[in-house]
Amino acid sequence: MREASTLPVTVEPAPGESGLGCLLRAARANGISLAGLLEALDLPKSPRPTREGLNALAQALDVDPAWLASSTVVACRRGGYGASEWQDRVWTCPLSLRGAHPQVCTDCLREGSPCLIDWELAGCVACLRHPRLLTDGCVHCGRRLSWWRPAIDVCACGHFLSAEPDRPVAGAELLTWIERLVARARGAAVSSSGATQRLPRWIDALSADALLAASFAFGIRREPYERITSTAAIVCPTTLQVARILERGIARILRSGELRERCPSDLGTLVYEEGLQRLWLRGSEQGDRLAAAGLLRWMGCLPRRSRASSGAGEGQQGELFDLELDFG
Ligand SMILES: [Zn+2]
Ligand SMILES: [Zn+2]
């Protein structure tokens, strides 16, 4: 890594801007690409810089290193598994954050908005202002967007980013769910007014990471007992695919009610148990793990013992069965 000196042109991070979006904007203002900026600093060409890399970038761009570190997804390890740090917390669901495959609202960009930090959330599939589905591919060259494009509103092929004319408008339930996700990611309290009252209250116990993981477990199957390969469960799907999974997931979550009655058998065949087991074993917060265990028991499944159950997991298991789970 080369000693960083400040670039000639610096930019101020805009309110709500993503770290990588700000880096791309700053590189552009200096007439170079983000890849060129990383190369100039002897940093690897990766959309997930290391902590040291972020410090060098913050110095080169004269932005607050703490802001940049919090606004940029950083790879880390948690319990022997790959995870991410972002917004000052650990994210263990591999689908929660977009990372290498960004999505944008082309309407927002056209109005002069920066790349918003909320767009990093894979579940934030629609813009709450416009409210069409976000765009993660180029209508001109057909490729997925990357952080190696020349400017925040220009594809690597050189065309300005634009949405397909028939880009779907998000339904009210999906928008409500996204509002919850964004509020949880910011650590804000979730208001339970208006349309949000329709979503069951058990989802309020979940972190943003677990809200996506649980909604995926409810929605990933298109038909009963559909086999989900582990690759399909971890490879970053397109924005449209995520939107379809969430729409199915939300409809099924609405059927779950407040979990007071046992899961209807037809609903049970549609929920991907493995996704909930994964959340139980690897969820980054205790509330998430307990909620996953409660959902498994509601479905009539036993939460699986972790391989490390002879150690720390034992306590967790004991804790689970001693606790009266309250989802009300
Ligand atoms: Zn927008
Ligand atoms: Zn293109």
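## Overall picture

Two residues are in contact if their C-beta atoms, placed from the backbone, lie within 7 Å. Of the contacts in the protein chain with a separation of 6 or more, 64% are between residues 24 or more positions apart. Please keep in mind that this is a predicted model.

The protein chain holds 13 helices and three strands. It has 328 residues, and buried residues make up 39% of them.

## The nonpolar core

The largest nonpolar core is made of 85 residues, and the ones with the most contacts inside it are Leu23, Leu181, Leu212 and Ala214. Helix α7 (residues 208-219) gives the largest share of this core, nine residues. The core also draws at least three residues from each of domain 1 (19-72) and domain 2 (194-300).

Which residues does Ala214 contact, leaving aside its neighbours within four places in sequence? They are Leu206, Leu276, Leu279 and Leu295. Leu295 is also one of the buried residues of helix α12, which is described next.

Helix α12 (residues 286-298) is mostly covered, with 10 of its 13 residues buried. The buried set is Asp288, Arg289, Leu290, Ala291, Ala292, Ala293, Gly294, Leu295, Leu296 and Trp298. From its first C-alpha to its last, α12 reaches 18 Å, close to the 18 Å expected at 1.5 Å a residue. Gly300 follows the helix and has a positive phi, near 85 degrees.

Helix α3 (residues 51-61) has its own buried residues: Gly53, Leu54, Ala56, Leu57, Ala58, Ala60 and Leu61. These pack against α1 (19-29) and α4 (65-71). After α3 comes Asp62, with a positive phi near 55 degrees.

## The three-stranded sheet

The strands β1, β2 and β3 form an open sheet in the order β1-β2-β3, with antiparallel pairing. β1 and β3 stand at the edges and have a single partner strand each, so one side of each is left without a neighbour in the sheet. On average, neighbouring strands of this sheet are turned by 45 degrees against each other, direction ignored.

Strand β1 (residues 74-78) is joined to strand β2 (residues 81-86) by five bridges. You can find this pairing by looking for Arg77, whose bridge partner in β2 is Gly82, and for Arg78, whose bridge partner in β2 is Tyr81. The hairpin of β1 and β2 has two residues between the strands, and Gly79 there takes a positive phi near 60 degrees.

Most residues other than glycine have a negative phi, and most peptide bonds are trans. With that in mind, a few places deserve a look. Gln87, a residue other than glycine, has a positive phi near 55 degrees. Is Gln87 partly exposed or buried? Gln87 counts as partly exposed because 17 C-beta neighbours lie inside 10 Å.

Tyr225 has a positive phi too, about 60 degrees, although it is not a glycine. Tyr225 sits in the loop between α7 and α8 (230-234). With 7 other C-beta atoms within 10 Å, Tyr225 is exposed; the cut-off for that class is 12 or fewer.

## The loop between α5 and α6

Pro131 is found in the loop between α5 and α6. The peptide bond leading from His130 to Pro131 is cis, with omega near -20 degrees.

Arg144 has its place in the loop between α5 (106-110) and α6 (172-185). Arg144 counts as partly exposed, since it has 17 C-beta neighbours inside 10 Å. Not counting residues up to four places away in sequence, Arg144 touches His101, Asp136 and Gly137. The C-alpha atoms of Arg144 and Ala156, which are 12 residues apart along the chain, are separated by 9.6 Å.

Conventions
Residues numbered from 1 in each chain as written. Chains lettered and ligands numbered in written order. Predicted model: local features only at pLDDT ≥ 70, side-chain atom pairs only at ≥ 80, totals over all residues. Buried ≥ 20, exposed ≤ 12 C-beta atoms within 10 Å, placed from the backbone. Helix = DSSP H or I, 4+ residues; strand = E, 2+ residues; numbered from the N terminus. Pairing = 2+ DSSP bridges. Core = buried A, V, L, I, M, F, W, Y, C linked by C-beta atoms within 7 Å. Domains from an automatic or database assignment. Axes fitted to C-alpha atoms, helices over the stretch in contact; angles between N-to-C directions. Expected span 1.5 Å × (residues − 1).
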